[in-house]
Structure formats: C-alpha cells, structure tokens
Amino acid sequence: MSGDNDLIKLYSGRILALAAEIPHLGRLDTPMATVKKRSPLCGSAVTIDLSIENGKVSAFAQDVKACALGQAAAAVTGGAVIGRDLSELETAREALRAMLKENGPLPAAPFEGFEVLEPARDYKNRHASIMLSIEATCEAMTQALQADCA
C-alpha cells in the first residue's frame with residue numbers, strides 16, 4: 001500500500017494544475033517543422049509544431065496526449081519555449097534528463113518549472129513520458145533550422 005501512497009504523492013496539486021493549463025495547446029497552421037513522438041512504454045504522445053525567426057522559436061503549438069506527468073512537463077516546455085534557441089532547448093532537455101536519471105541539479109531558468117517533476121525520479125517508467133515534449137521540441141527546432149537554411 002505504501003507504493004500506492006507514494007504514487008498519489010507524485011501526482012501533487014502543482015503537477016495537476018500544470019497539466020490542466022498547458023500553454024500553446026493545439027496545432028499551427030503552417031509550421032516550419034512538425035515532430036510527433038510517442039512513448040511505447042506508456043502510450044503517451046506529443047505532436048510539436050514550431051516555426052523560427054532569427055534562430056529562435058517564434059511560434060509553437062503542441063498536441064499532448066499523455067499522463068499528468070507528461071502533461072505537466074509539456075506545460076513547462078510550452079511556457080518557456082518562445083524566444084529560445086536550439087542550445088537553450090538542448091540544455092533544458094539534458095538538465096531534465098540528468099535530474100530524472102542521475103539525481104542531477106534542477107534545470108535552470110526559464111525551465112526551472114521542471115523541478116515540480118523531481119519526485120518522478122523514482123518512477124523510471126514515467127521518465128519517457130516526461131521527456132517527450134522537450135525531446136520533440138528539440139527535434140522540431142533542428143528540423144526548422146535545417147529548413148530555414150535550405
């Protein structure tokens with residue numbers, strides 16, 4: 001039963017509030033790049049649309065079909081992504097991965113909101129869902145940069 005209590009604690013009020021208020025939910029009409037990622041373990045999926053201007057994210061939308069943890073991570077990503085360049089997005093992705101998998105430090109601003117997911121460290125089966133949005137965003141950013149150079 002203590003495992004159930006731990007899982008209930010994991011879904012804190014802050015995580016549920018973030019999951020209920022995901023910024024930039026939906027799709028863009030004419031994105032420069034679209035990336036869909038799915039976690040085979042849990043079935044969570046995200047589709048990221050984005051466009052760039054001067055090497056920074058200028059438009060962003062996401063379609064999120066994930067557990068509350070994946071939704072909360074998508075909310076943090078969506079809240080911080082506009083105006084970011086690829087380096088900043090990759091730094092956030094690696095910081096989130098390190099926080100979850102290696103007990104690394106909390107991600108820095110503007111992605112400090114990922115700290116709400118720190119209790120998920122112990123739930124390795126949830127890590128893929130948590131990583132989906134930022135991973136797909138990095139992939140879409142890379143594609144948009146390539147399209148912009150073509």
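This is a predicted model: local features need pLDDT of at least 70, side-chain atom pairs count only at pLDDT 80 or more; totals for chains, interfaces and linings use all residues.
**Figure 1. Helix α3 passes helix α5 in a right-handed crossing.** Helix α3 covers residues 68–80 and helix α5 covers residues 124–149; their axes come within 8 Å and cross at roughly 25°. Angles under 35 degrees count as roughly parallel, so α3 is roughly parallel to α5. On the α3 side, look for L69, G70, A73, A74 and T77. Their partners in α5 are R126, S129, I130, S133, I134 and T137. Sorted by class, the contact of α3 with α5 has five nonpolar, five polar and one charged residues.

**Figure 2. Helix α4 meets helix α5 in a left-handed crossing.** From α4, the contact takes in L86, L89, E90, A92, R93, L96, R97, L100 and K101. From α5 come H127, I130, M131, I134, E135, T137, C138, M141, T142 and L145. By class, the contact of α4 with α5 counts eleven nonpolar, three polar and five charged residues.

**Figure 3. F60 is a buried residue in strand β3.** Strand β3 runs over residues 56–65, and F60 has its place there. Is F60 buried or exposed? Its relative accessibility is 4%, so F60 counts as buried. Which residues does F60 touch, leaving aside its neighbours within four places in sequence? You can find H24, L28, I48, D49, L50, T77, G78, V81, I82 and T137 in contact with F60. T77 belongs to α3 and T137 to α5, and both also take part in the meeting of those two helices. For a sense of distance, F60 and Q146 lie 86 residues apart along the chain, and their C-alpha atoms are separated by 17 Å.

**Figure 4. Stepping back, the protein chain has five helices and three strands.** Starting at the N terminus, you can follow the elements in the order α-α-β-β-β-α-α-α. The radius of gyration is 15 Å, close to the 15 Å that the globule rule gives for 150 residues, so the chain is as compact as a globular protein of that length. Along its principal axes, the C-alpha trace spans about 55 × 30 × 25 Å. Of the 150 residues, 43% count as buried. Among contacts with a separation of 6 or more, 62% are between residues 24 or more positions apart.

Key. Residues are numbered from 1 along each chain as its sequence is written. Side-chain values use heavy atoms; hydrogens and water are left out. Axes are lines fitted to C-alpha atoms, for helices over the stretch in contact, and angles run from 0 to 180 degrees between N-to-C directions. Helices (H or I, at least four residues) and strands (E, at least two) are DSSP runs, numbered from the N terminus. Angles under 35 degrees count as roughly parallel, over 145 as roughly antiparallel, 65 to 115 as roughly perpendicular and the rest as oblique. A crossing is left-handed if the near helix is turned anticlockwise from the far one by less than a right angle, and right-handed if clockwise. Contact means heavy atoms within 4.5 Å. Ala, Val, Leu, Ile, Met, Phe, Trp, Tyr, Cys and Pro count as nonpolar, Asp, Glu, Lys and Arg as charged, and the others, Gly among them, as polar. The radius of gyration is taken over C-alpha atoms; the globule rule is 2.2 Å times the number of residues to the power 0.38. Buried means under 20% relative accessible area, exposed over 50%, partly exposed in between (1.4 Å probe, protein chains only).
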